[in-house]
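Me: Hi! Could you walk me through the charged side chains in this one?

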Amino acid sequence: ALAAVMNNRSHRKITVIDGMIGYTGGLNLADEYINQKERFGHWKDTAVRLYGEGVYNLTIMFLELWNAFCKTEDRCVKYRPSYYHSKPFASDGYVQPYCNSPFENEALAQEVYLDLLSQAERYVYIFTPYLAIDEPMMRALCLAADSGVKVQLLMPGIPDHKFAYLVAESYWGELMRHGVEIDIFTPGLLHGKTVLADGKMAFVGSVNMDYRSFQLHFECGTLLYGTAASQPLAEDMARIAASGERMTMKHWKSRPWYHKALGTLLRLFAMWM
């Protein structure tokens with residue numbers, strides 16, 4: 001139990017400026033995230049900038065953890081900008097920032113991924129640097145592909161955690177057998193956590209496709225529905241996919257024997273990676 005609690009870290013990435021502008025996504029504050037320093041080839045990440053009422057959600061998420069762990073009682077309402085009482089912001093769709101907690105009974109971070117996969121009718125594109133998933137998520141990916149939905153999974157070509165990457169590789173065979181397309185971002189580390197479904201539903205946030213994000217971490221992200229922001233997101237994902245290399249079953253089967261053995265063994269410890 002103690003080990004589990006020690007793994008309940010905050011993985012959220014939130015910046016709020018005067019309550020008016022908010023940023024969230026996969027970006028941490030480090031030189032490699034903006035390619036000022038090269039550690040794992042070219043670093044590719046994804047974030048979203050919010051204006052308007054959704055920014056207050058990010059403020060509340062920040063203060064929730066701040067008050068809990070700094071033992072303060074800073075009231076959220078005093079950080080609520082005055083514009084909330086004026087004319088509403090114009091919008092072409094819906095924007096919903098949200099967060100999850102390992103202390104809740106609902107695995108919200110995972111449920112959002114599952115919901116996007118189940119609603120997709122034409123395609124689902126997914127950026128994720130890590131892949132360590134349970135049976136429901138594996139089944140959802142395979143069922144979507146089996147039903148005729150184009151499921152495209154984009155992953156790093158230069159991983160930052162080699163053991164975790166061996167675990168990710170161990171899933172690829174079954175996914176490809178069901179028609180999931182796997183593209184490798186050969187220039188470097190693809191660190192974005194992004195989902196785009198049918199060009200109208202999208203997620204950008206801090207949530208990786210692994211046990212830690214789904215069950216152990218404090219995470220956050222933004223759901224977009226029917227917004228113009230989906231178009232540049234789709235263009236960015238297509239550009240990254242085009243710069244990568246398609247994984248094939250032949251290539252996957254030809255990886256070194258010790259990769260296969262370690263990947264299978266390490267899946268037993270995937271929750272802790």
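Here is a chat about salt bridges and a charged surface patch.

Me: What kind of model is it, and how are residues numbered?
Reply: This is a predicted model, where local features need pLDDT of at least 70, side-chain atom pairs count only at pLDDT 80 or more, and totals for chains, interfaces and linings use all residues. Residues are numbered from 1 along each chain as its sequence is written, and side-chain values use heavy atoms, with hydrogens and water left out.

Me: Which residue does Glu-64 pair with?
Reply: Glu-64 forms a salt bridge with Arg-12, at 3.3 Å from N to O. Glu-64 lies in helix α2 (residues 54-70) and Arg-12 in the loop between α1 (2-6) and β1 (14-17), so the pair ties together parts 52 residues apart in sequence. Helices (H or I, at least four residues) and strands (E, at least two) are DSSP runs, numbered from the N terminus.

Me: Is Arg-12 buried or exposed?
Reply: Arg-12 counts as buried, at 11% relative accessibility, while Glu-64 is partly exposed at 44%. Buried means under 20% relative accessible area, exposed over 50%, and partly exposed in between (1.4 Å probe, protein chains only).

Me: And what about Asp-236 and Lys-44?
Reply: Their side chains meet in a salt bridge at 2.9 Å, N to O. Asp-236 lies in helix α7 (residues 230-242) and Lys-44 in strand β3 (residues 42-44), so this pair ties together parts 192 residues apart in sequence. Both Asp-236 and Lys-44 are buried.

Me: Which residues are linked in a network of salt bridges?
Reply: Lys-150, Glu-181, Asp-183 and Arg-246 are linked that way. Within it, the closest N and O atoms of Glu-181 and Lys-150 are 4.0 Å apart. Glu-181 is in strand β9 (residues 181-185) and Lys-150 in strand β8 (residues 150-156), 31 residues apart. Glu-181 is partly exposed at 23% relative accessible area, and Lys-150 is partly exposed at 35%.

Me: Switching to the surface: which residues form the negative patch?
Reply: Glu-104, Glu-106, Glu-111 and Asp-115 form it. Patches are made of residues with over 30% relative accessible area and no salt bridge, with like charges joined within 9 Å and nonpolar side chains (Val, Leu, Ile, Met, Phe, Trp, Tyr) within 5 Å.

Me: Where does Glu-106 lie?
Reply: Glu-106 lies in the loop between β5 (94-100) and α3 (108-119), and is partly exposed with a relative accessible area of 48%.

Terms used. Areas by Shrake-Rupley, 256 points an atom, 1.4 Å probe, with all protein chains shown as cover. Lys, Arg positive; Asp, Glu negative; His and termini not counted. Charge placed at Lys NZ, Arg CZ, Asp CG, Glu CD.
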